[in-house]
Amino acid sequence: MPFVNIAQQKEVVSFEQAVLAPIGENRGIYFPQNIEKLDKGMFASKDFNTIAVETLYTLTSGELSKEQLKGMINRAFNFPLNVQSLTSRLHVLELFHGPTLAFKDFGARFLAECMAHFNKEKATIVTATSGDTGAAVAHAFHGQPNIDVVILYPDGKISKEQEQLFCTLGDNIRTIKVKGDFDDCQSLVKQAFNDKDVRQTLNVNSANSINIARLVAQVCYYTALPALIDTPIDRLIVPSGNFGNLTAAMIAKSMGAPIGHLVAATNKNDTVPRFFINKQWRPKATQRTLSNAMDVSQPNNFARILYHYQENLDKLFEDMSAVCINEIQTRRTIRHYTQQHYPVDPHTAVGLEAATLPFKSENSNDLVVATAHPAKFADVLEKILQEPIERPSSITDAMQETNLSESMDNDFDDFKDYLLGLNTSNQ
Ligand SMILES: *Cc1c(COP(=O)(O)O)cnc(C)c1O
């Protein structure tokens with residue numbers, strides 16, 4: 001039984017249970033009960049898939065066989081990932097070569113594999129997106145039999161490219177634009193999970209980064225770092241919003257991956273950087289920024305990080321830092337790297353800017369996580385750069401399609417009616 005409910009630590013469940021019911025008693029989310037170190041020799045492997053199988057086998061305590069995992073990983077991670085070295089000390093881990101051009105393809109595609117493996121009855125996935133989850137989940141589940149997907153996103157607060165990538169698919173994918181921000185969407189989803197009528201009528205599941213399958217999938221590219229870059233990493237800088245990606249990096253570090261210090265880079269939604277300064281958790285209203293997928297003021301995954309360090313909070317402040325990057329810095333960084341012929345999206349720019357901050361020691365080998373392809377934010381970049389950005393065909397094709405989204409107020413009763421109505425329309 002490898003996963004513990006962090007809000008109700010007596011509740012310990014299997015990987016299958018945590019995947020199929022991602023929220024436990026007391027609205028708690030799950031975390032590995034023990035994080036075992038990978039065999040040292042494993043880090044010498046130069047093969048991403050080999051390390052990924054070993055990582056997931058260890059994290060799920062052997063619940064899935066290595067053979068099964070191998071198949072799931074080959075299908076889910078069927079796109080390249082690589083490290084670009086911008087200087088001898090500054091490297092970029094490009095996680096955006098999947099079908100929807102953001103790192104969320106890793107988690108969403110592995111989750112789809114897990115659902116296909118474990119799910120025996122018709123299920124409805126209800127999820128909120130601040131931009132990129134929606135596309136990744138929609139593409140990962142599009143056409144999967146027995147699974148309906150409902151995606152909520154904040155109206156007018158994501159880029160046109162992002163929206164077109166997931167609101168045009170149709171079939172088993174339904175999209176709703178909510179008059180509110182991402183935290184409102186997330187709250188509607190949480191309420192749906194806690195609603196008796198909804199739970200009795202639909203077999204609901206979430207594809208958010210709270211689902212443990214997404215989290216463990218993301219650990220793989222961090223444990224596989226030695227296969228991607230020859231030098232150990234002194235500082236790993238992760239552009240962060242809901243803090244799933246940083247939590248995955250923390251788990252990889254605990255498994256023995258050669259990662260020194262972790263740096264969370266946020267935009268001006270800076271609940272965590274302020275927590276690192278004054279040790280107080282004081283979320284403010286969410287603010288809109290250029291890096292919209294990180295416009296989160298109450299990051300769900302931070303509770304997992306606190307759980308991991310519960311015995312020794314001082315160690316948290318030793319192992320990690322958190323910095324907040326403002327919009328002026330983000331724009332400047334986008335211009336700077338475009339001039340260097342390495343255009344970056346606004347999220348990656350937040351990470352790159354954080355890498356320049358003064359706590360850097362001279363010889364530090366820094367790795368910044370590039371979370372999205374620049375073309376996914378082409379409209380944003382073009383406004384800043386006043387020059388056209390090249391778009392891959394996956395984007396130009398999606399821009400031609402009809403947007404199928406419905407509009408909704410930020411009102412749980414409306415959302416509940418919608419969900420209950422789904423069931424009738426399916427029968
Ligand atoms: C989701 C997202 C983030 C934030 O990741 P978290 O795991 O939520 O911290 C950063 N950049 C991009 C492009 C994203 O889509």
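Biologist: Where is Gln386 found, and which terms do I need to read its position?

Modeller: Gln386 is found in the loop between H17 and helix H18 (393–400), where helices (H or I, at least four residues) and strands (E, at least two) are DSSP runs numbered from the N terminus. This is a predicted model, in which local features need pLDDT of at least 70 and side-chain atom pairs count only at pLDDT 80 or more, while totals for chains, interfaces and linings use all residues. Residues are numbered from 1 along each chain as its sequence is written, and side-chain values use heavy atoms, with hydrogens and water left out.

Biologist: Is Gln386 buried or exposed, and what is its phi?

Modeller: Buried means under 20% relative accessible area, exposed over 50%, and partly exposed in between, with a 1.4 Å probe and protein chains only. Gln386 counts as exposed because its relative accessibility is 68%, and it has a positive phi of about 55° although it is not a glycine. Asp171 also has a positive phi of about 55° without being a glycine; Asp171 lies in the loop between helix H6 (160–166) and strand E8 (173–179) and, at 62% relative accessibility, counts as exposed.

Biologist: Which residues does Ala378 contact, leaving aside its neighbours within four places in sequence?

Modeller: Contact means heavy atoms within 4.5 Å. On that reading Ala378, which has its place in helix H17 (residues 378–385), is in contact with Glu161, Ile389 and Arg391 once those neighbours are left aside.

Biologist: With which side chain does the side chain of Glu113 make a polar contact?

Modeller: A polar contact is a pair of N or O atoms within 3.5 Å; within protein, one must be able to donate a hydrogen and the other to accept it, and residues adjacent in sequence count only if both atoms are side-chain atoms. Here the side chain of Glu113 pairs with that of Arg75 at 3.0 Å. Glu113 belongs to helix H4 (residues 104–118) and is buried, with a relative accessible area of 17%; not counting residues up to four places away in sequence, Glu113 touches Met72, Arg75 and Ala76. In another part of the chain, a polar contact of 3.1 Å joins the side chains of Arg282 and Gln280, with Arg282 placed in the loop between helix H12 (271–278) and helix H13 (302–308).

Biologist: How many residues of H9 are buried, and what caps its N-terminal end?

Modeller: Twelve of the twelve residues of H9 are buried. Asn211 caps the N-terminal end, with a side-chain oxygen 2.9 Å from the backbone nitrogen of Ala213. The expected span of a helix is 1.5 Å times one less than its number of residues, so H9 (residues 212–223) should span 16 Å, which agrees with the 17 Å between its end C-alpha atoms. Helix H16 (residues 346–354) has nine of nine residues buried, so it is largely enclosed by the rest of the structure.

Biologist: How many residues does the largest nonpolar core have?

Modeller: A nonpolar core is a set of buried Ala, Val, Leu, Ile, Met, Phe, Trp, Tyr and Cys residues joined through side-chain atoms within 4.5 Å. The largest has 100 residues, and those with the most contacts inside it include Phe77, Phe110 and Tyr222. The largest share of this core, nine residues, comes from H9. Apart from it lies another core, of 31 residues, among them Leu90, Met294, Tyr337 and Phe377.

Biologist: Which residues come nearest to the ligand?

Modeller: Of the 15 residues around the ligand, Lys104, Asp132, Gly241, Phe243 and Thr371 come nearest. A polar backbone atom of Gly241 is 2.8 Å from an oxygen atom of the ligand, and one of Gly244 is 3.1 Å from a ligand oxygen. Taken alone the ligand exposes 380 Å², of which the protein buries 98%; accessible areas come from the Shrake-Rupley method with a 1.4 Å probe, and for residues only the protein chains shown count as cover.

Conventions
A residue is near a molecule or strand if one of its heavy atoms lies within 4 Å of it.
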